[in-house]
Amino acid sequence: MWIYEKKLQYPVRVSTCNPTLAKYLIEQYGGADGELSAALRYLNQRYSIPDKVIGLLTDIGTEEFAHLEMIATMIYKLTKDATPEMMKAAGLGDHYSNHDNALFYHNAAGVPWTAAYIQAKGDPIADLYEDIAAEEKARATYQWIINLSDDPDLNDGLRFLREREIVHSQRFREAVEILKDEQGKKKFF
């Protein structure tokens, strides 16, 4: 189903070791509105969505895994040289005591990822509106992380991800209109 290129969708650079920024980014790794939740939501919903837009959920769900890989790389680069004291000072002492510098799916507050973060109603319009909301929440989170960041290299990658959230939201909005048009057409047999 997938062809994997051994490169990131967009280059990831960080200026310095910064576990505090990593803590913020963990929200997009294992949080309710993060990339893992989005990928699983869309790839799951595609089984109950009309054929006219199934490819959209497959494409965007797959791209979300690429974004998850970018976030993981950012977090890794921000923490790879961090000492235990730096991790503790950044509010990642609990994470360090459980996982060292390894990545783990939890949000910025340390709450583990749960399947309760994703929805699938089975109603295509309801699911697409859920997807629009998810993309807009992710866009807002990226903006807030950019606002907190003083790393121009990291911010470049974060801006790329924020812009992709906007594109995904627009695509889901288009899909809603496609399905609304389909609902309004008379069926002839």
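Me: Is Ala22 buried or exposed, and what is its relative accessible area?
Reply: Ala22 is buried, a word used for under 20% relative accessible area, with exposed meaning over 50% and partly exposed in between (1.4 Å probe, protein chains only). This is a predicted model, in which local features need pLDDT of at least 70, side-chain atom pairs count only at pLDDT 80 or more, and totals for chains, interfaces and linings use all residues. Residues are numbered from 1 along each chain as its sequence is written, and side-chain values use heavy atoms, leaving out hydrogens and water. For Ala22, the relative accessible area is 0%.

Me: Which residues does Ala22 touch, not counting residues up to four places away in sequence?
Reply: Ala22 sits in helix H1, residues 19-30; helices (H or I, at least four residues) and strands (E, at least two) are DSSP runs, numbered from the N terminus. Contact means heavy atoms within 4.5 Å. Setting aside residues up to four places away in sequence, Ala22 touches Ile75, Leu78 and Thr79.

Me: How many Å apart in space are Pro19 and Tyr105, C-alpha to C-alpha?
Reply: Pro19 also belongs to helix H1 and is buried, at a relative accessible area of 5%. Its contacts, beyond residues up to four places away in sequence, include Leu78, Thr79 and Met86. Pro19 and Tyr105 are 86 residues apart in sequence, while in space their C-alpha atoms are separated by 16 Å.

Me: How many of the 11 residues of H2 are buried?
Reply: Helix H2 covers residues 35-45. Its buried residues include Leu36, Ala38, Arg41 and Tyr42. H2 is largely enclosed by the rest of the structure, because the number of buried residues among its 11 is 9.

Me: Is H2 roughly parallel or roughly antiparallel to H3?
Reply: Two packed helices are described by the angle between their axes and the distance between the axes. Axes are lines fitted to C-alpha atoms, for helices over the stretch in contact, and angles run from 0 to 180 degrees between N-to-C directions; under 35 degrees counts as roughly parallel, over 145 as roughly antiparallel, 65 to 115 as roughly perpendicular and the rest as oblique. H2 and H3 pack at about 160 degrees with axes 8 Å apart. That makes H2, relative to H3, roughly antiparallel.

Me: How many nonpolar residues are in the contact of H2 with H3?
Reply: Ala, Val, Leu, Ile, Met, Phe, Trp, Tyr, Cys and Pro count as nonpolar, Asp, Glu, Lys and Arg as charged, and the others, Gly among them, as polar. Among the residues making the contact are Leu36 and Tyr42 of H2 and Phe65 and Leu68 of H3. By class there are 5 polar and 2 charged residues, and the nonpolar count is 11.

Me: At what angle do H3 and H6 pack?
Reply: Helix H3 (residues 51-79) and helix H6 (residues 124-148) have axes 14 Å apart. Leu57, Ile60, Glu64 and Ile71 of H3 meet Leu128, Asp131, Glu135 and Tyr142 of H6. H3 is roughly parallel to H6, as the two pack at an angle of about 25 degrees.

Me: What is the phi of Asp100?
Reply: Most residues other than glycine have a negative phi. Asp100 lies in the loop between helix H5 (93-99) and H6 and counts as partly exposed, at 45% relative accessibility. Although Asp100 is not a glycine, its phi is positive, at about 60 degrees.
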